[in-house]
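Thanks for coming. I will keep this short and go through one structure, starting with a sheet and ending with charged pairs.

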Amino acid sequence: MFEAAVEISREWDAYTAGQEVVASILKQLNGEPTFMLVYASTHYKKNGGFQKILDAIYKKIPSTTPITGGTVTGFLCSKGCFTRGVAVFAVRSDEIQVNTSCAHGVRRNPVRTAEKCAENLEKNVDLKSFQNRLLINIEPGPTMPVVPGMKHPLIVAKSGILAKLAPKLLILSTILLNKGMGRENELLDTFGNRIKNGLVVGGSSSDDNKYSDNYQFYFNKVFDDAFVVLDCTTNLNIITKAASAVRSPTEWFNISKASGLRHVIVKIAEKSALDIYTKAYRLKSDIVFEVRNVHRCFVFAPLVTIDKFGVQHARVPGTFYGKTIGVGHQIQTNSIGFASTSAADMIKTVEKVFDEENIRNSKSYVMFSCAVMLETLGDKVYNVFEKIQKQTNGKPYLLVFSGGENYRTSETLTISTSVHLTELSLTMAGIG
Amino acid sequence: MNDTEILKVIEDLMREEDILAAMVSRKGFEGISDPAKFKLNNVQVWTALQNTMDDFFDIIAKFSGTGLDKIYFELGEYDVLFFVLPGRDTALVSVIPALANRGLLEVEMENARRDILKLLGD
């Protein structure tokens, strides 16, 4: 038996939103859920709103029912696309065994956190009775520290002492204050190495793209530094797939100097990173200091890096401190290229992930996509909605717009244990 | 128009932190809005918009055969989003801060537009 249900609430009151989603999920399923994925927009932050959502849900389901999830930028389901509200994907099945794990300190020590989480899961997993395994994860995404006296997070600093100090301050803030880089690469690399079997899909928690703070949910608890994993083993069909919205670069360069835990590119081919970047796109060298809303402007001109397994990843510039370029995810090798994407390329990712029959045959879908894609597409996200509606053909699905997404597919399993952390991609798990 | 129901949609949109002012406007008619809930510091921006609203509809009418459904313009510290209700001389208008995450607000503007269209029976 396998049933899946998706529900959203647009209620502004957190407790009422929780009540609404759980009531509808219980109505859709013929019994209590086996697990629930719960995602909320940042609007509920005030007055302990996230806790109230979880409290309202647990009032109607047993306290032992696993819930994982967190704050995200938006979500899309058969009811539309929303940047405010609560979204739930729930499964009821007697053919799925669920384990969960949660470990703290991602920004302070991602390797140790991943090891702890993996250890908990490997202790309990039953790989003899079940052939398939899916690990759905959420981890803290990047936040931007606010410099005292400044109204907005420090994204652009043209010159002077602030530009020189910013990368160092970012490291200190990340490790000591839990505000800064997401450190997902280090976390997921370690996790992928420790968990030898199983497909992976997930994303980083985020807010409304202001990068102020983000949270993770684990049962009825709310955290801001936790790696949370829901581990499903089953003999039901499970498949994961990812599609990038970025075209491959035609020319590659060498990163000759990086800093900020390899999140900040200082020099490319011995020249300033910003000069090489702007030259590659034929932009004025000072343009990043002149435009409004930097993230939205340069999303179409992403950097492409290559991970240690040879897989290309788009990285949207996140900060410009002096002549450096900061990115949300760690740079693993020194190869870098410059690519392009467009709203049309982003919309096409839907066709790419659904282009196999066994994916189209799945009974339900959980998808993760970069929050930057949502920000960029704006109301044109409804083009994505229409395409997914057509492909899913009435089956329950939830697409979460998170602060970066990750995946491991069966193909990558054969060559490596890497969990690939992406930006500007659509990743998907078909379940059932 | 079901003004009370439409006003509820506007009020819901106005609860977004970065929607500073919002209105459903129709050519030749007073717009539907709740000015008491506006968060605009510079009221002149809104007054200028209201005074020129009919001129916008003249432009929209000229582009009606080309699928025009949105107009954006930047007014210093503010951006104005003008979402046209297709096939009608009506638009959902909002003012947001220039540095707001416009794409995310567009999603909620689109949802509001869809809700209004439903209320209008489309």
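Which residue in β25(A) is the bridge partner of A:Gly203? The partner is A:Glu405. Before I go on, please keep in mind that this is a predicted model.

Strand β10 of chain A, residues 199-205, and strand β25 of chain A, residues 405-408, run antiparallel to each other and are joined over four bridges. Both strands sit in an open sheet of six strands in chain A, and the order across that sheet is β7-β13-β8-β10-β25-β26, with mixed pairing. At the edges stand β7, residues 96-104, and β26, residues 420-422, of chain A; each has a single partner strand, so one side of each is left without a neighbour in the sheet. On average, neighbouring strands of this sheet are turned by 15 degrees against each other, direction ignored.

Now the helices on that sheet. Helix α3 of chain A, residues 110-124, packs on the sheet and touches β7, β8 and β13 of chain A. The direction of α3 makes about 155 degrees with that of β7(A). Helix α5 of chain A, residues 184-194, lies across β8, β10, β13, β25 and β26 of chain A. Its direction is at about 155 degrees to β8(A).

Is helix α2, residues 49-58, enclosed or open? Seven of its 10 residues are buried, so α2 of chain A is largely enclosed by the rest of the structure. Among the buried residues of α2(A) are A:Phe50, A:Ile53, A:Leu54 and A:Ile57. The buried residues of this helix pack against α1, β2, β3, β6, β11 and β12 of chain A.

For helix α4 of chain A, residues 160-177, I will look at one residue, A:Leu177, which lies in that helix. A:Leu177 has a relative accessible area of 62%, and because the cut-off for exposed is over 50%, A:Leu177 counts as exposed. A:Leu177 is also one of the residues of a nonpolar surface patch of about 680 Å². The patch is made by A:Leu177 together with A:Ile161, A:Leu162, A:Leu165, A:Leu169, A:Leu172 and A:Leu176.

Last, the charges. Side chains of opposite charge can pair when their charged atoms come close.

A:Arg247 is partly exposed, at 46% relative accessible area, whereas A:Asp345 is buried, at 9%.

In chain B, the side chains of B:Lys37 and B:Asp34 meet in a salt bridge at 3.3 Å, N to O. B:Lys37 is partly exposed, with a relative accessible area of 42%.

Also in chain B, B:Asp69 forms a salt bridge with B:Lys70, the closest N and O atoms being 3.5 Å apart. B:Asp69 is partly exposed at 29%, and B:Lys70 is buried at 12%. Through shared partners, salt bridges join B:Asp69 and B:Lys70 with A:Asp379, A:Lys380, B:Glu110, B:Arg113 and B:Arg114 into one network.

Methods:
Residues numbered from 1 in each chain as written. Chains lettered and ligands numbered in written order. Predicted model: local features only at pLDDT ≥ 70, side-chain atom pairs only at ≥ 80, totals over all residues. Heavy atoms only, no water. Pairing = 2+ DSSP bridges. Helix = DSSP H or I, 4+ residues; strand = E, 2+ residues; numbered from the N terminus. Axes fitted to C-alpha atoms, helices over the stretch in contact; angles between N-to-C directions. Contact = heavy atoms within 4.5 Å. Patch = residues over 30% accessible without salt bridge, like charges linked within 9 Å, V, L, I, M, F, W, Y side chains within 5 Å. Areas by Shrake-Rupley, 256 points an atom, 1.4 Å probe, with all protein chains shown as cover. Salt bridge = Lys/Arg side-chain N within 4 Å of Asp/Glu carboxyl O. Buried < 20%, exposed > 50% of the residue type's maximum accessible area, 1.4 Å probe, protein only.
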